[in-house]
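Here are some friendly notes to keep beside you while you look through this model.

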Amino acid sequence: MKLVTALIYPLFVLFLLGSFPSLAEQKQQLGKWDVHYMLMPTTMLDADVAKNYQLSRSRNYQLLNISVLNTADQQAQAVELSGSATNLAGQRQQLSFKPVKEGAALYYLAGVEARSEQKITIELSIRQGNELQVLKFTQDVYPE
C-alpha cells in the first residue's frame, strides 16, 4: 500500500489544486477491462519508494503506470504488456514493464525517456490468454 499512497496521494492533491491537470489518472475501457494509465515525472516519486522499487528518479524520465481491472468486478488483472513510446520526431523507445503487486492491487511500471518538453505517444499491446487489446494515447510531458 506504500507505493499506492506514494504515487496516488500526491497526484490526487495536485489534481485537486489544478496545478498539473495532465498528471491526472486517465482510463479507457478496452473490451472487458478498465485500463488506468498515468505518465508522470519520476522526480515526483519519494526517494525511498523509488529505491525500494528500483525506479530511476531523473528529470529525463517519466514513469508510466498501468493498471488493468476487470470492468465487472474491478479486480486487478495479470496481463502481458508490450509497447513503445514515440515522440514527434519519430524517435521510438521500447518499453519494459515491471509488475508491482501490493495486496489486491497490481501495477505495471515502465520508464519513458523524455529530455525536453514534448508530446509522447504511447502504444501498448495488452494480452491475457486469447484476449488482446491495444491502448494508445498521446500526452505532453514536462521534464522538471
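1. **Where β4 meets β5.** Let's begin with a pair of strands: β4 and β5 run antiparallel and are joined by four bridges. Ala85 has Gln93 in β5 as its bridge partner. Strands here are DSSP runs of E, at least two residues long, and helices are runs of H or I of at least four residues, both numbered from the N terminus. Two strands pair if DSSP finds at least two bridges between them.

2. **What you are looking at.** This is a predicted model, where local features need pLDDT of at least 70 and side-chain atom pairs count only at pLDDT 80 or more, while totals for chains, interfaces and linings use all residues. Residues are numbered from 1 along each chain as its sequence is written, and side-chain values use heavy atoms, with hydrogens and water left out.

3. **The sheet around that pair.** In what order do the strands of the open sheet come? The order is β5-β4-β8-β9, four strands with antiparallel pairing. At the edges stand β5 (92-95) and β9, each with a single partner strand, so one side of each is left without a neighbour in the sheet. From one strand to the next, the twist averages 15 degrees. (Axes are lines fitted to C-alpha atoms, for helices over the stretch in contact, and angles run from 0 to 180 degrees between N-to-C directions.)

4. Strand β4 (residues 80-87) is joined to strand β8 (residues 118-128) by eight bridges, and the two run antiparallel. If you want a place to look, Leu81 stands opposite Ile126 in β8. On to β9 (residues 131-141): eleven bridges join this strand to β8, again antiparallel. Here Ile120 has Gln139 in β9 as its bridge partner. The hairpin of β8 and β9 has two residues between the strands, and Gly129 takes a positive phi near 60 degrees there.

5. **The whole protein.** Stepping back, there are two helices and nine strands, following the pattern α-β-β-α-β-β-β-β-β-β-β along the sequence. Of the 144 residues, 46% count as buried; buried means under 20% relative accessible area, exposed over 50%, and partly exposed in between (1.4 Å probe, protein chains only). The protein exposes about 7,800 Å², with carbon and sulfur atoms supplying 50% of it. Those areas come from the Shrake-Rupley method with a 1.4 Å probe, and for residues only the protein chains shown count as cover. Among contacts (heavy atoms within 4.5 Å) between residues at least 6 apart in sequence, 61% join residues at least 24 apart.

6. **Asp34.** Is Asp34 buried or exposed? This residue of strand β2 (residues 33-41) has a relative accessible area of 6%, so Asp34 is buried. Its side chain makes a polar contact of 2.8 Å with the side chain of Gln74. A polar contact is a pair of N or O atoms within 3.5 Å; within protein, one must be able to donate a hydrogen and the other to accept it, and residues adjacent in sequence count only if both atoms are side-chain atoms. Leaving out residues up to four places away in sequence, Asp34 touches several others, including Lys27, Ser67, Leu69 and Thr71.

7. **Asp140 and Lys119.** Asp140 forms a salt bridge with Lys119, and their closest N and O atoms are 3.0 Å apart. With Asp140 in strand β9 and Lys119 in strand β8, the pair ties together parts that are 21 residues apart in sequence. A salt bridge here is a side-chain nitrogen of Lys or Arg within 4 Å of a carboxyl oxygen of Asp or Glu. Asp140 counts as partly exposed at 30% relative accessibility, and Lys119 is partly exposed with a relative accessible area of 36%. Not counting residues up to four places away in sequence, Asp140 touches Gln118 and Lys119. The C-alpha atoms of Asp140 and Ile120 are separated by 6.2 Å.

8. **Other salt bridges.** How many salt bridges does the structure hold? The structure holds four. One of them joins Glu123 to Lys136, with the closest N and O atoms 4.0 Å apart. Glu123 lies in strand β8 and Lys136 in strand β9, so this pair ties together parts that are 13 residues apart in sequence. Glu123 is partly exposed, with a relative accessible area of 37%. Arg115 forms a salt bridge with Glu113, where the closest N and O atoms are 2.5 Å apart. Arg115 is exposed at 52% relative accessible area, whereas Glu113 is partly exposed at 28%.
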